[in-house]
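Please read it alongside the sequence and the coordinates.

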Amino acid sequence: MMDRWFNNATFSKILALLISILLWAMVHLDSSTTSPGITTAYDNKTIKDVAVQATGLDDNYVLTAMSTDRVTLQVRGQRSLLTSFFTDDYKVTIDLSNVKAGTETLPLRADLPSGVEVMSINPSMVTVTVEEKKTKSFNVTIATDGEPAAGMRLGTPSLHPAAVDVTLAESRLEAVASVRGTVDVSGAKENVTERRIRLKAYDKNGQEIEEAVIEPATVSAEVPVVQGYKTLPIKVSYTGDLPDGLVLASVKPSVTEASVYAPTSALSGLTGNVTATLDLSTLTEAGTKKVEANLTVPVGAKSVAPASIELEVTVAPDGEVPTIQRTIENVPIQTNGAGNSGSITIVSPDSQTMNVNINGPEDLVNELTNNDIILVADVAGLTPGQHEVPLQVTLPKYISLADGGEQLTITVQVQEGSEPAATDPEGDTGTNSAGQSNEPPNAGSVQESEPVDGPAAGDAPEGGQDANQQGGQDDAPDASQP
């Protein structure tokens, strides 16, 4: 029967009319402004902690202070819209496009989602401080992380570039203490090379200055990994002579210590100084001149760093250089010609050292140590008994004995029954076989030499002072006998 109704044209027309009336009613009821549900669909909402974003600031300036960077918004809109947005959808900006260096108070502007209007911004004004950017060049330093392999040590890194530019607000730029990068050397057995080391700026407390702009932001570096090194003082030695009428006033090295690289087994034996040699013949006129001097690699070492240093050398006319006197204390006394018998004992001075009064240019004198002066007693051919022996004094260039060069002597004891190291075959203790006196040549004279390098200057020659001390102990009961 239902099939007959649907096949009837009149029934179909009536059904279509009823459906049309129903649709019209639904549309008009939903859009009616008189419905009490529509008036409650709008609502107010408080949005807290909305970030303030600065815009439009010139690249030559930087925002260094803002009275607040968070505000509270009161907004209004359809309830369905307000509940669909998050805090990040609400923007508050401050326009700095016309701001120059200084402090200003500016209004805030809200940038809200569509369909939402701002009722208030709290606070509505913000005070900002803007500074001009400044750029300064800083040397780069490289820090290392970890330790190299056992027995290996790190040398001085080489950098490219060695300096970079740091850009910051003027007041913050003054806080930069260093710019550095880090290289991992854990377990390294050979040189470590890094092509891109990211740099960071730090203040004096070691805190990173995150807002610093570094250009370039990275450097390349090579960290030497060597077998080991020891730091030794640098001593200047001299070759050649100055022209007549000129004297050496001062020599000031750019650095006073050098790193000496050597196998671990040889490091403990490295003593004394690293020598920088200055050729005086290259200095032809009075004045101050900077001269590069190569450093000599000590015996047993592989290399020395730096390989050369700069010397600031001052030469002046003779008589125009201020001179001073100074006493160099505890200069070791060496003996020469005692042979292997170990029969010579220094009786006086019992300390086997002597104070030496010297005179010379002020700067050179002040740099001297007791290892720069050599005192040698020639004891060859002495007969058993006690003898007063003159000392041969060797001083650095342009240094002389004070007080007219008073003769320095020591007293030695030659033990009974010992065989002198150099005796006349005929038994004549006064002359040798050639008819010459056995008195050592130049005994007691003052000689000029290069400064002595290191503690070795005080070591006695073979069979010298050390042997004498041993002999003195063995024969102590007879020490008072002639």
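Buried means under 20% relative accessible area, exposed means over 50%, and partly exposed lies in between, with a 1.4 Å probe and protein chains only. By that rule Tyr90 is buried, because its relative accessible area is 3%. This is a predicted model, in which local features need pLDDT of at least 70 and side-chain atom pairs count only at pLDDT 80 or more, while totals for chains, interfaces and linings use all residues. Residues are numbered from 1 along each chain as its sequence is written, and side-chain values use heavy atoms, with hydrogens and water left out.

**Overall**

- The protein has 482 residues, of which 35% count as buried.
- Its secondary structure comes to 7 helices and 32 strands; both are DSSP runs numbered from the N terminus, helices being H or I of at least four residues and strands E of at least two.
- Contact means heavy atoms within 4.5 Å. Among contacts between residues at least 6 apart in sequence, 75% join residues at least 24 apart.

**Nonpolar cores**

- A nonpolar core is a set of buried Ala, Val, Leu, Ile, Met, Phe, Trp, Tyr and Cys residues joined through side-chain atoms within 4.5 Å.
- The largest such core holds 54 residues, and Leu248, Leu278, Val313, Ile358, Ile373, Leu375 and Ile410 touch the most other members.
- Apart from that core lies another of 23 residues, among them Val179, Ile209, Val219 and Val223.
- Leaving aside neighbours within four places in sequence, Ile410 is in contact with residues including Ile333, Ile346, Met354, Val389 and Leu391. The contacts of Ile410 also include Ser348, His387 and Glu388.

**Rings and charge**

- Rings of Phe, Tyr and Trp (its six-membered ring) pair if their centres lie within 6.5 Å; planes under 30 degrees apart count as stacked, over 60 as edge-to-face and the rest as tilted.
- A search of the whole structure finds 1 aromatic pair. Phe85 and Tyr90 form this edge-to-face pair, at 6.5 Å centre to centre and with 80 degrees between the planes.
- Phe85 counts as partly exposed because its relative accessibility is 21%, whereas Tyr90 is buried.
- Arg180 lies over the face of Tyr202, at 3.9 Å from the ring centre. The criterion is NZ of Lys or CZ of Arg within 6 Å of the ring centre and within 35 degrees of the ring normal.

**Sheet E19-E24-E22**

- Two strands pair if DSSP finds at least two bridges between them.
- In this open sheet, 3 strands take the order E19-E24-E22 with antiparallel pairing.
- Strands E19 (246-253) and E22 (287-294) stand at the edges with a single partner strand each, so one side of each has no neighbour in the sheet.
- The twist averages 30 degrees from one strand to the next; axes are lines fitted to C-alpha atoms, and angles run from 0 to 180 degrees between N-to-C directions.
- E19 is joined to E24 (residues 308-317) by 7 bridges, and E22 pairs with E24 over 8 bridges.
- Within E24, Thr314 stands opposite Ser250 and is also the bridge partner of Thr288. Val313 in E24 stands opposite Val251.

**Sheet E21-E18-E20-E23**

- Here 4 strands form an open sheet in the order E21-E18-E20-E23, with mixed pairing.
- The edges are E21 (274-279) and E23 (303-305), each with a single partner strand, so one side of each is left without a neighbour in the sheet.
- The twist averages 40 degrees from one strand to the next.
- E18 (residues 229-239) pairs with E21 in the parallel sense over 6 bridges, and Thr239 stands opposite Asp279 in E21.
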